[in-house]
Amino acid sequence: MRTAIVGIGWSGFRPSVPELSFTEMMYEAAVRAYEDAGVDARRDVDVFVSCQEDFWEGIAINDEFAPDPVGGVMRPTVTVAGDGLQCVGQAYMMIRSGLAELVAVEAHGKPSDVKTLQEIYELALDPQLRALKPGNPFFLAGLDAVAYMRRSGARREHFALVAVKNRRRGLRNPRASHAASIELKAVLNARPAIYPLTRHEIAGFTDAAISVVMASEQKARELRSEPIWLEGIWWSTEVGSGSVEWHEWGSMPSARLAAKEAYRQAGLKDPRRQTDFAEVEDRFSFMELLFLEELGMAPEGAHKLLESGYFDAEGSYPVNPSGGSLSLGTSFEATGLMRLLEAVLQLRGEAGGVQLRGAERAVVASWRGVPSYTSAVAVLGR
Amino acid sequence: MEIPGKYVREEELRKMKGVIEYVPKAKYSYSAGQALSVFLRGLKEGKILGKRCSSCGRILLPPREFCESCFSPAGEWLELPQTGRVETASVSYISAKRGKLERPEIVAIIRLDAPGYRGDEPEFPGIFHRLCGVSEEDVMSGRVFGARVRARWRPAEQRAGSITDIECFERW
């Protein structure tokens, strides 16, 4: 039995959305998604799934705020503390099991509401080890980037190239509020923010809400002539962030394992040849290259392919044709769905200024961000 | 029988190595949004504002931009009467950790005299607030239930656009 994405909607996609509360953003995204799918949330949707985390919200037991704005009152709502793509995985299981025919997934983030973000990040570290106070949790990305350089032979210039590619690409995407017309030299000459990365290579924050409507094969065919099929999805966590020493530095095994299972479900043997583009993690520039390797997209070395323009929008295998997180920004647990949204619009031929020609199948890969070692991978097809 | 070992108080236990005390520094600036911003502005002006669902007609108080029951956008604003009846009330003597409060808190749900409501609906436009001029005995004896109450406002110059612009609900 296949599973499909039959509707998608969004709200925000700006660094700050002061005029709307997070529930109003959720409502706006949900209304658009249900309209897009042609369903009545109160009548047709069997289960609602929401990805969120209390400390991002500043509201304890925020799960209780989840049902109202998505039409889930008095119905089963499942909240998951994880990236939005993990919620899509939950919906996938419910539909595959036959328990639900129509599931609504939402994730939202309002980083502009959080005034002490650094201290909130600190709360994510093991309480017994917080006393070190290393400035900010992005140091974890710096450590991974340096380890990745040593392992792969990639240089700072390659990371900067990713930032230029994605930030410039985003100029064509109306949702990419962090897009910029930057030159390689400007990225390289900027002072490092977290060595070896400059501020241009670290994604900004965005307020966003995204809703996705998922359906069983039969239901999908009733609703749309051309649904987007979710051919596979999986996720995994490597080590708890309390034990960063145990992470496999310069690698992301959680993405590798998630991809392996998602590809198996989708029947992919050679993901780069069997798919047309990818939306992959790039909230730190080097992550794009690291992820491409972990996703099995670059046995030759991702930085070498990047250098040759292989991953450009006009190249052999476009990577982050939306502009990626470097252009779109990150939005806590909504980040993965921001990327799923771009992939769905792309496959539908509704990507506007960033539309690729003839894209039939895509890989979406997201990471939960520092300080986490959780990744999710999805395969979508027309 | 005497049990061997050393007896410790909780404070002593908490001071031992292996117990870390940590005060989270968490600060947020919650966007009130379209509906609650108007509600809070109304409080500053001494008004209780609600929204009516354009689909089912129920009055949403506290107001929202959408009716969660119909999942449709809420419609017109309306000013609600500042009087109502005590739907339910309680006295609290303890904190969440079961510590003793310095003075008991008397809190209630007020069913406002909203237009179009009979007064016995299970769901109604209401406000959660403190009661004043009501004794612990009034609550425990049940006398307070159904009592007619009205909003007692802070002086206009002290109002900040907050639910505490209403000091409490008092009997009248």
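1. Ser327(A) touches Asn166(A), Arg167(A), Gly170(A), Ala176(A), Ser177(A), His178(A) and Ala179(A), if residues up to four places away in sequence are not counted, where contact means heavy atoms within 4.5 Å. Ser327(A) has its place in helix H14 (residues 324-328) of chain A, helices (H or I, at least four residues) and strands (E, at least two) being DSSP runs numbered from the N terminus. With 0% relative accessibility, Ser327(A) counts as buried, a word that stands for under 20% relative accessible area, with exposed over 50% and partly exposed in between (1.4 Å probe, protein chains only).

2. Two conventions apply throughout. This is a predicted model, in which local features need pLDDT of at least 70 and side-chain atom pairs count only at pLDDT 80 or more, while totals for chains, interfaces and linings use all residues. Residues are numbered from 1 along each chain as its sequence is written, chains are lettered from A and ligands numbered from 1 in the order in which they are written, and side-chain values use heavy atoms, with hydrogens and water left out.

3. Which residues touch the most other members of the largest nonpolar core? Among its 59 residues they are Phe159(A), Phe284(A), Phe286(A), Leu295(A) and Phe311(A), a nonpolar core being a set of buried Ala, Val, Leu, Ile, Met, Phe, Trp, Tyr and Cys residues joined through side-chain atoms within 4.5 Å. A second, separate core has 45 residues, including Val103(A), Ala176(A), Met214(A) and Val344(A).

4. Phe159(A) lies in helix H7 (residues 156-169) of chain A and is buried, with a relative accessible area of 0%. Leaving aside neighbours within four places in sequence, the contacts of Phe159(A) include Ala145(A), Tyr148(A), Met149(A), Pro196(A), Leu197(A), Phe286(A) and Leu289(A). By the same exclusion of neighbours within four places, Phe311(A) is in contact with residues including Lys165(A), Leu292(A), Met297(A), Leu305(A), Leu306(A), Tyr317(A) and Val319(A).

5. Helix H10 (residues 253-266) of chain A passes a check on its length: at 1.5 Å a residue its 14 residues should span 20 Å, and its end C-alpha atoms are 20 Å apart, which agrees; the expected span is 1.5 Å times one less than the number of residues. The buried residues of H10(A) are Pro253(A), Ser254(A), Ala255(A), Ala258(A), Ala259(A), Glu261(A), Ala262(A), Tyr263(A) and Ala266(A), and they pack against strand S8 (228-237), helix H11 (271-274), helix H12 (285-294), strand S10 (361-367) and strand S11 (374-381) of chain A. Just after H10(A), Gly267(A) takes a positive phi of about 70°.

6. Some backbone geometry deserves a look. Phe13(A), in strand S1 (residues 3-14) of chain A, has a phi near 65°, a positive value in a residue other than glycine, and at 3% relative accessibility Phe13(A) counts as buried. Phe332(A), found in the loop between H14 and helix H15 (335-348) of chain A, likewise has a positive phi, near 50°, and is buried with a relative accessible area of 8%.

7. The peptide bond from Val370(A) to Pro371(A) is cis, with omega near -10°, and Pro371(A) lies in the loop between S10 and S11 of chain A. In chain B, a cis peptide bond with omega of about -5° joins Leu61(B) and Pro62(B), and Pro62(B) is found in the loop between S2 and S3 of that chain.

8. Strand S1 (residues 48-53) of chain B pairs with S2(B) over two bridges, and Arg52(B) has Ile59(B) of S2(B) as its bridge partner.

9. At the interface, 24 residues of chain B are in contact with 36 residues of chain A. The area buried between the chains is about 2300 Å², with carbon and sulfur atoms giving 58%; buried area is the accessible area (1.4 Å probe) that two parts lose on being put together, summed over both. In chain B, Tyr22(B), Tyr28(B) and Phe71(B) lose the most area to chain A, together 31% of what that side buries.

10. The rule finds two salt bridges across the interface of chain B and chain A, a salt bridge being a side-chain nitrogen of Lys or Arg within 4 Å of a carboxyl oxygen of Asp or Glu. Arg64(B) forms a salt bridge with Asp68(A), in which the closest N and O atoms are 2.7 Å apart.

Note on methods:
Pairing = 2+ DSSP bridges.
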